[in-house]
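We will begin with one kind of side-chain pairing and then step back to the whole chain.

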Amino acid sequence: MLEAIRIAKKGKGRTKTNPLVGCVLVKNNEIIAKGYHSSYGKKHAEIDALNKTKEQGLTLYVNLEPCCHHGKTPPCVDEIIKRKVKTVFIGMKDPNKEVNGQGLKKLKQAGIKVHQGCLEHESRLLNYSYLTGIKKNRASVTIKVAISLDGKVAACDGTSQWITSKKSRSDGKKMRNRYDAILVGSGTASKDNPVLNRSLRPESWKKILIDRKNKVKESSRMFKNGKIYIWGGAKNKLNKKIKYLEAKNLKNLLELLRKDGVQSVLCEGGKLSSELIKDNLADKIVTYISPKLIGSKGLGFSPAEWKTLSDSRKLSDVGITKIGEDVKVEGYLTNVHRNN
């Protein structure tokens, strides 16, 4: 199952509203074939793996319940039954109302031994964006932020380049490849004038700009390539790749994005991050912490409205990695991945 989860990650940033799924086929304690869901509309992981072998009597490991309905592809359950798979180990049940236990039921009715809950927590963590979409009907949001040791994203004069090391910045840029879209506010777009580039799959490059006061000029570098979503501002930019979204608020914006196939969003805006956290719309935070001290008058990224310790929020499933002289801390603010 660990191997199924590992290869499922290869689909990050390409499955749109579909989940990340990996599949491993085993016979006589030997791995026979592997498969994963590579991108939206393509073969599901189970079919990808089964197509690589003619063996029967296999044991199948998959991190998510196999589908039992016709979507972009035929039901995986039917092919598993047809190929006379003996045993199926499943990480987690699929909460999608078109599946939600029906795949398990059909496999059992066909006489296949089914074991549910193998590395369930790890399977749920893998698909926290998918679970957010199903449970909250919106795109998931990961906030990426670089801070000083005293928790500041910029000095009191607004300077912020560079708080963290080159290694951390490089690691942060690689993160973009694992998300459907990058989100910034008008402050970041105007002040830093970022390209918001990504190194993999430029054909699926998407950026989201929140520009409620129409501050960002058409000459901004972020408009040079990729598909752009804009919320707010006058519709005076002539770029054909721009799509204006008529959202009521941030939550509604994320709902509209999911309807358009954007499942996971990486936010790189400091002030915007605070707003998302305050509105309970931030699902995950990835923080790069530098051993620098900026001073108490520097700018933070958490809500200024929080006054007491009881206002604080705690991350769950925290991971810590050392990157050069910096420390990377990541964890989850919302618990959609919890089986409760």
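A salt bridge here is a side-chain nitrogen of Lys or Arg within 4 Å of a carboxyl oxygen of Asp or Glu. The model is a predicted one, and by this rule it has 15 salt bridges.

Start by selecting E3 and K34: their closest N and O atoms are 2.8 Å apart, which makes a salt bridge. E3 sits in helix α1 (residues 2-8) and K34 in strand β2 (residues 30-36), so the pair links parts of the chain 31 residues apart. E3 counts as partly exposed at 21% relative accessibility, and K34 does too, at 33%.

Next, select E268 and K144, whose side chains meet in a salt bridge at 3.0 Å, N to O. E268 is in the loop between β11 (264-267) and α10 (270-278), while K144 is in strand β6 (residues 140-147), so the pair ties together parts 124 residues apart in sequence. Are these two buried or exposed? Both E268 and K144 are buried.

Move on to K227 and D260, a salt bridge with its closest N and O atoms 3.3 Å apart. K227 belongs to strand β9 (residues 227-231), and D260 to the loop between α9 (250-259) and β11. Both count as partly exposed: K227 at 29% relative accessibility and D260 at 25%.

Finally, zoom out and colour by secondary structure: the protein chain has 10 helices and 14 strands. Of its 340 residues, 50% count as buried. Colour by charge, and you will find 68 positive and 33 negative side chains, with the centres of the two sets 3 Å apart.

Conventions. Residues numbered from 1 in each chain as written. Predicted model: local features only at pLDDT ≥ 70, side-chain atom pairs only at ≥ 80, totals over all residues. Heavy atoms only, no water. Helix = DSSP H or I, 4+ residues; strand = E, 2+ residues; numbered from the N terminus. Buried < 20%, exposed > 50% of the residue type's maximum accessible area, 1.4 Å probe, protein only. Lys, Arg positive; Asp, Glu negative; His and termini not counted. Charge placed at Lys NZ, Arg CZ, Asp CG, Glu CD.
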